[in-house]
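Visitor: I have a chain open here and would like a quick run through it. Can we start with the contacts?

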Amino acid sequence: MSTSVIRTAEDWWRVEGEVATRVDTGATTTAELLEDRPAVEAAVGGDTPVGTLAPLSPVTAPCRVVAQLLNYRSHAIDAGADVDNLQPTFFRKSSASISGPTDPICRPPEVGLLDYEIELGLVIGAHVPINQVVTPESLSEFVAGIVVTNDVSAREIQLTKVQVYESKSYPTFTPVGPRLVLLEPDEFARIPELRMTLSVNGEVRQDQLIGDDLLTPPAAALTRLARFQTLSPGDLLLTGTPIGTAISAPPAIVQKIGELLPATIKWKLFFSRQARNPKYLSTDDVVTARIATADGDIDLGTQTNVIR
């Protein structure tokens, strides 16, 4: 059975139902906590109401934050990608972008097109060396658990500068948590059963069962990533987002016309159209993201972030 952990300013807590037990550990980082798994398992019998805790991100910085691009069929099609020939693609985010599950998302003054992307995060539990082959059967040897993440994106920075790293790495652009759910080996097979749901001001924008839409599953993604990137305990891999983000590719005919225009005119028209899109995040919007199985046996909790 999975084990849920919450981090607060002073302690780590094991969650069981609506109560939590303080973990007797000296761990200050996620990697250290994963090394002290027996202390987590021994934390039982507490009576602290979970609702009284102020959770921080259960993934501590600094760490590596790697993300997958267009890893859900619905999102890839919506972005105008050739899904049949799409290869696994990765990018990095600064771990300085990690924030807590209830922290505000702070929009830089130069960013107008602020977008959201709910993603399942894999928390690495063991060293992944170069050329490591990870199979579904060995996935639990390298991944300790899973978390809710939101890959917040400044779209005009991403598109005009072709600068994915900057557009997704501003402080607070990676809310994580509230729970780090440590899975048992047999539970990794249930990842396709997880449903990801993101709402803005109560309106559902993204709602997808992972197994119905995922292109490259975790084991295959880690194998591909290990061709050029090592990973360490406590690192975080964001595994992509489904359809429903604010940004969407223009219709095919519009794209064809755009190819004939000078770049400055093309981008001016594109951003003029995007500026009229009400789905981009505005100040005081409330973003709610949740990941869980239908039966609630694996429940990563809900993060609620306000745009500031």
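Guide: This is a predicted model. Taking contacts in the chain between residues at least 6 apart in sequence, 77% join residues at least 24 apart.

Visitor: And what does the chain have in the way of helices and strands?

Guide: There are nine helices and 18 strands. The radius of gyration is 19 Å, close to the 19 Å from the globule rule for 308 residues, so the chain is as compact as a globular protein of that length.

Visitor: What does the C-alpha trace span along its principal axes?

Guide: About 65 × 45 × 35 Å.

Visitor: How much of the chain is buried?

Guide: Buried residues account for 52% of the 308 residues. The chain exposes about 13,500 Å², with 54% of that supplied by carbon and sulfur atoms.

Visitor: Switching to rings. How many aromatic pairs does a search of the whole structure find?

Guide: Two. One of them is Y170 with F173, in an edge-to-face arrangement. Their centres are 5.3 Å apart and the planes make an angle of 70°.

Visitor: Why is that edge-to-face rather than tilted?

Guide: Because the 70° between the planes of Y170 and F173 is over the 60 degrees set for edge-to-face.

Visitor: Are those two buried or exposed?

Guide: Y170 counts as buried because its relative accessibility is 14%, under the 20% cut-off. F173 is buried too, at 0% relative accessible area.

Visitor: Where does the charged end of R7 sit?

Guide: Over the ring of W12, with 6.0 Å to the ring centre.

Methods
Residues numbered from 1 in each chain as written. Predicted model: local features only at pLDDT ≥ 70, side-chain atom pairs only at ≥ 80, totals over all residues. Heavy atoms only, no water. Phe/Tyr/Trp six-rings, centres within 6.5 Å; stacked < 30°, edge-to-face > 60°. Buried < 20%, exposed > 50% of the residue type's maximum accessible area, 1.4 Å probe, protein only. Lys NZ or Arg CZ within 6 Å of the ring centre and 35° of its normal. Helix = DSSP H or I, 4+ residues; strand = E, 2+ residues; numbered from the N terminus. Rg over C-alpha atoms; globule rule 2.2 N^0.38 Å. Contact = heavy atoms within 4.5 Å. Areas by Shrake-Rupley, 256 points an atom, 1.4 Å probe, with all protein chains shown as cover.
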